[in-house]
Amino acid sequence: MQIFPTTKNRSSALQSRLFSLAAICLFLLAIVLTLSPVVRYRSWNVDLRWSHWAAFFIWLAGASSIHRLTLRRLENWDALILPAAFLLAGWGMLTIWRLSIIFGIRQTLWYMVSIGMAALYFRIDDVLDILRRFKYVILTLGLILAILTFFFGTYPGGNGPNLWLGFHGIYFQPSELLKLILIIYLAAFFSDKYFLRFNLLQTILPSLILFLSALFILVGQRDMGTSLIFIVIYVGMLYIIFGKKRILAFGAVVVALAAAVGYFLIDLIRIRFQAWTQPWLDPQSGSYQIIQSTIAIAAGGILGSGIGMGYPGLVPIPHSDFIYSSVIEETGMVGSIALIGLFTLLMFRGIQAAIKTNNKYYRFLASGITIYLTFQTFLIVGGNIRLLPITGVTLPLMSYGGSSLVTSMLAILILVKISDCRADLARDLHSLLPFRNLAALCSIGLASLALVTGWWAVVRSHDLQLRRDNARNFIAARYVERGSILDRNNQAITATLGSVGNFSYNLQYPALSNTIGYFDYAFGMSNLEEKYNDYLSGERGYSTPELWFNYLLYNQPLPGRDIRLTLDLPTQSSLDNALGESQGAALVMNAQTGEILAISSSPAYNANTLARNFTTWKSDATSPLLNRASQGSYPLGELLTPFLISENEALLQTDYSETAGATSPACAIRDQQPQLWSEAVASGCRAALRLAANGQNGPYITSLVSKYGLTAVFNLGLPENPVQKLDEESSWQNLVLGQNRIRVSPLQVAYAFSIFSNQGRQSSPHLLAAVNLQQEGWVEVEQASGTQVITAEIAEDISRLLASQEISGWELTTESQDANGSYAWYVAGTPVNWPGTPMVLVIVREDMQAENLQALGRQVFQSITNSL
């Protein structure tokens, strides 16, 4: 027994083949959906998806019964319409089951209702003529149902527009059926006119009054999407009937005016319009839906993420308003072309049905239905791809909603019946030009949907998928092990815990949270986690064929690659213990290579408890989310003195005690007046700064701080302050000690002072040491060669100038101030000819006196130099 039998009729044979093809497509889709958990978990030991098979077999039974009815009740119908419509309905039904079993069951029940109504429809031979005769009664009933929503309206979701009438859990939206009623009424009304002349009083006004009545009801209910569809249906049918191009121009003006009035008077329309024009300004609130929809389409790319392999549930209302983006995420640009192609086919067959009948009523009816289906498709898909504002209408035949499905199916059945009433076109019938123009406009609209979809899915795909609010990257990490971050000795700083499907990411050394950053579903990525995410997530570090094949098969990256940092955890621990819970930062850097051996910011947050404590940390006055080592902005003050002397060593030939005088400002360390330049500079004396800067102007100071890297910005993946704009017209006093003084971070200070431990050369700071690639293994990261800033002789002179009797190297302690308080600095480094690792240490404290910081800094320096 054949599911889709044939007769000797040509239409039956073609329709049978097309229905069979549609059934095969949906059958394959159902199989892939069943097996998708196997692919996602890469194991057969998973629960397969079976529930959607009920929908497939019900669809198959319904399609078979309607096919058999057409064989018995029709003779020369268009065999392309029903298979295309049923394929869209089945596609939508399986998609809804994939998203939500509850909504899938409800949609399947409404599909069964549609099949029952179709069976009744085909058994009434003159059903279209009956609708024509009772047009006023049908329209009145439709308006009454719409009016009832003002008094008994509800929203199935609980909180929303009251556009539905409900009874014991069954909901119906009168405005959906009212679209088809309006088309039937207009077709019947104008076909009853013997002479169709464009007469405002006799022809247009009676229909306009009833049309406006329906429109005002919809506007009163704030159903603006349906209101817009009503306007387009009315204007489009008038154009088909009378063929006047000025009708289209008038309709465009009406739509523009309606949009303008709605924008200024209705908050919802204004919010949606702003989300359409400026979505990136508010991606987490007003524009969240459209941003997530475009990201979903971008995730689909050309071939899609795979049936059952995407994450369409990340888009709000994916089964209804955004079912298009749900489908395209998993089928890609290929699915978009197929879906839009099916609606384009229905559009052309609808227009052809209208042209080939010699019955004016049928002609107008087919035209109205074609306009309705095409424009509503254009409206919802355009909203999904940001071609248009979001309107909240459904995608015909596909979106969840019983009212929408029943109305769309009835419209398709009417088209099929009209296509069975073909006749040769008589010469006195209406001109074909309006139909050609209608086909051209609809084709342009549908083609634009495919083009804009391609823009997001292909051109902007990579950019959108890298957005922090794309949660797909974090969900994928539950199924694919993320690479680990190691210190220079291969000790784990981060690690992936758990099993496939339940992987979790953990920071093994939480004190480094401000540097490593976070990788969190709710908050996204930051710092090194974000900078090296391509390696850590497995998107890089493999050959291109391996990556492409894995994504094609699993829609998942390969296991993440480990990266090795320059950090040394024992040294890091020393810094963290020195800072404790105080406010400040510390950094140790290899002066020769630029490798950052330790970097500490206090107080710090814990990336492992980000979701639980983020709100508290955000409002904490001590700013634990701030990386003070790279982002702190502290007054430079007396730290500038060694660099001024580097440019003018002749100062060291003068007698400091005589030049400074007895009334010079106090020093950071000593209360008594220093006698030597070495004592004054190392103790952070203000007099030494004044003498070294005496006679210098603003341009000289700004060029000096730039030369030594005190304003440098490094591409480390850490948050940094932008380059400070300095006023070159200011005096040196204003630049160094004034209100808009030069500010630096500990990272910039370490970079600048490294020259005194590296023979005058500077190497850019860096944190990444090596990457573990799949084929090559550990590959060291090449670093740029250092830059000679001053001569080795000058560097050695300054190193000797700052030489300490307490540590094995040079040191400098200063104290700078601003309106917020005082800041103690301690900077120390190994001498030029140090036999071990040449390094520089920088500590800044916001809550400690300089003398105490010097003592603490010396302990830290000695501990680190002994261990490295």
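This is a predicted model: local features need pLDDT of at least 70, side-chain atom pairs count only at pLDDT 80 or more; totals for chains, interfaces and linings use all residues.
In strand β15, Ala770 turns up as the bridge partner of Arg564. Strand β9, which covers residues 563-565, is joined to β15, residues 768-773, by 3 bridges, and the two strands run antiparallel. In general, the strands of a sheet pair through backbone hydrogen bonds, and they can do so in a parallel or an antiparallel way. Zooming out, β9 and β15 sit in an open sheet of 4 strands, ordered β4-β9-β15-β16, where the pairing is mixed. The edges are taken by β4 (485-486) and β16 (777-780); each has a single partner strand, so one side of each is left without a neighbour in the sheet.

Next comes a helix with two faces. Helix α33 spans residues 792-801, and its buried residues are Ile794, Ala795, Ile798, Ser799 and Leu801. These cover an arc of only 160° around the axis, so they end up on the same side of α33. The spacing behind this kind of pattern is simple: an α-helix has 3.6 residues a turn, so residues three or four places apart point the same way. What lies over the buried residues of α33? The cover includes α26 (641-647), α28 (677-682) and β18 (810-818). On the face turned away from the buried side, α33 carries Glu793 and Arg800, both exposed.

A nonpolar patch of about 1000 Å² is built from Ile302, Leu303, Val334, Trp455, Val458, Val459, Trp548, Phe549, Leu552 and Leu553. Helices α16 (433-459) and α22 (544-554) each put in at least two of the patch residues, and the largest share, 4 residues, comes from α22. Val334, another member of the patch, has its place in helix α13, which runs over residues 323-355. Val334 counts as partly exposed because its relative accessibility is 47%, a value that falls between the 20% limit for buried and the 50% limit for exposed.

Is Gly301 buried or exposed? With a relative accessibility of 11%, Gly301 counts as buried, since buried means under 20%. Setting aside neighbours within four places in sequence, Gly301 is in contact with Gly332, Met333 and Ala457. As for Ile229, it is 72 residues from Gly301 in sequence, and the C-alpha to C-alpha distance between the two is 31 Å.

Definitions and conventions
Residues are numbered from 1 along each chain as its sequence is written. Side-chain values use heavy atoms; hydrogens and water are left out. Patches are made of residues with over 30% relative accessible area and no salt bridge: like charges are joined within 9 Å, nonpolar side chains (Val, Leu, Ile, Met, Phe, Trp, Tyr) within 5 Å. Accessible areas come from the Shrake-Rupley method with a 1.4 Å probe; for residues, only the protein chains shown count as cover. A salt bridge is a side-chain nitrogen of Lys or Arg within 4 Å of a carboxyl oxygen of Asp or Glu. Buried means under 20% relative accessible area, exposed over 50%, partly exposed in between (1.4 Å probe, protein chains only). The arc is that of the directions from the helix axis to the C-beta atoms. Contact means heavy atoms within 4.5 Å. Two strands pair if DSSP finds at least two bridges between them.
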